[in-house]
Amino acid sequence: MNLAHTQPGTVPAGVLDGQVAIVTGSTSGIGLGIARSFATAGASVVLNGFGEADAINATIEGLQGETGAKAVYSAADMTRPDEIAGMVDLALETFGRLDILVNNAGIQHVSPIDQFPVEKWDAILAINLSSAFHTIRLALPAMRRQGRGRIINIASAHALVASPFKAAYVAAKHGIVGLTKVVALETAEENITCNAICPGYVWTPLVEAQIEGQAKSHGIPREQVIRDVLLAQQPNKRFATVEEIGAFATFLASNAAASITGAALPVDGGWTAH
Ligand code: NAD
């Protein structure tokens with residue numbers, strides 16, 4: 001299996017021209033892939049997430065250089081409602097509008113429920129679920145003023161089905177699908193849509209590190225880790241790419257997706273068809 005990005009998602013140039021997007025957790029992985037797709041499609045973006053200052057500056061410069069789009073960075077911690085408000089203010093002060101909100105920041109912890117650290121439960125619920133409540137309540141007034149908006153929540157196949165030892169993650173991801181439906185119903189007549197993307201395994205640096213780690217700890221080749229451990233539940237036996245998720249998010253943000261709202265949309269190679 002070739003893990004390289006062999007099929008970059010196709011993003012129609014100009015489809016998001018003039019629009020402004022916030023993508024939480026976009027200093028790496030899926031969030032960065034979405035931010036890059038939006039910028040390629042013509043949007044200005046607010047990047048957010050943790051990382052070394054030099055690496056973040058390089059990411060912003062690279063994204064602006066590659067796409068010609070404008071990008072700014074918010075260091076807002078998604079566990080802090082006051083900092084989340086600052087991020088939304090930054091978007092409005094910098095660009096004067098806010099068209100697209102992607103709630104992507106997320107963390108994971110794996111542990112049996114009777115040993116699950118309480119602070120990990122609280123952090124996962126705060127970052128993976130409550131942050132989206134805060135961003136949405138703060139972004140909606142601007143979207144309503146503009147008469148258009150797109151909210152995209154990055155959930156997971158674990159928003160639709162469960163796995164053992166992931167109590168907080170599965171609870172938060174199921175929760176964000178519920179939040180998605182409520183927001184969709186409250187905004188249905190306002191040209192605002194709210195949807196959840198539910199990826200299976202996506203090839204990111206985090207996943208790559210798991211492949212290496214598991215290959216070492218099990219003493220098995222990386223191809224076997226990919227097929228029999230990580231992709232055990234994913235029938236197509238292939239990771240999705242961040243470019244595919246970015247292209248799908250760009251479609252959901254476009255006018256062509258105006259009638260899609262309140263949906264939890266799997267991008268999981270058939271996982272939840274089981
Ligand atoms: P990642 O670790 O590469 O990226 C997570 C991002 O969130 C980073 O930018 C990080 O700095 C940021 N972040 C973490 N805590 C934060 C906080 N408190 N405040 C602000 N930013 C914070 O992970 P990823 O694989 O790209 O995952 C992104 C999203 O996609 C998550 O919600 C994850 O649950 C979901 N997802 C990932 C996969 C996968 O296979 N990679 C599958 C399904 C769903």
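This is a predicted model: local features need pLDDT of at least 70, side-chain atom pairs count only at pLDDT 80 or more; totals for chains, interfaces and linings use all residues.
Y201 belongs to the loop between strand 6 (192-199) and helix 6 (205-218), while F239 belongs to the loop between helix 7 (222-230) and helix 8 (242-253), so the pair ties together parts that are 38 residues apart in sequence. Y201 and F239 are both buried.

Then there is the pair made by Y201 and W271. Here the ring centres are 6.5 Å apart with the planes at 20 degrees, so the pair counts as stacked. W271 lies in the segment after strand 7 (264-267) and Y201 in the loop between strand 6 and helix 6, so parts that are 70 residues apart in sequence get tied together. Like Y201, W271 is buried.

Next comes the sheet. Strands of a sheet pair through backbone hydrogen bonds, either parallel or antiparallel. In this structure, seven strands form an open sheet in the order 3-2-1-4-5-6-7, and the pairing is parallel. Strand 3 (71-74) and strand 7 sit at the edges, each pairing on one side only. From one strand to the next, the twist averages 20 degrees.

What joins strand 4 to strand 5? Strand 4 (residues 100-103) and strand 5 (residues 149-154) run parallel and are joined by four bridges. In this stretch N103 stands opposite N153 of strand 5. Helix 4 (residues 118-146) packs on the sheet and touches strand 4, strand 5 and strand 6, with a direction at about 175 degrees to that of strand 4. Helix 3 (residues 81-95), for its part, lies across strand 1 (20-23), strand 2 (44-48) and strand 3, and runs at about 155 degrees to strand 2.

That leaves the cysteines. How many disulfides does a search of the whole structure find? The search turns up zero. C194 is in no disulfide, and its nearest cysteine sulfur, that of C198, is 12 Å away. C194 has 0% relative accessibility, so it counts as buried. C198 also counts as buried, because its relative accessibility is 0%.

Conventions
Residues are numbered from 1 along each chain as its sequence is written. Side-chain values use heavy atoms; hydrogens and water are left out. Helices (H or I, at least four residues) and strands (E, at least two) are DSSP runs, numbered from the N terminus. Buried means under 20% relative accessible area, exposed over 50%, partly exposed in between (1.4 Å probe, protein chains only). Rings of Phe, Tyr and Trp (its six-membered ring) pair if their centres lie within 6.5 Å; planes under 30 degrees apart count as stacked, over 60 as edge-to-face and the rest as tilted. Two strands pair if DSSP finds at least two bridges between them. Axes are lines fitted to C-alpha atoms, for helices over the stretch in contact, and angles run from 0 to 180 degrees between N-to-C directions. Contact means heavy atoms within 4.5 Å. A disulfide is a pair of cysteine sulfur atoms within 2.5 Å.
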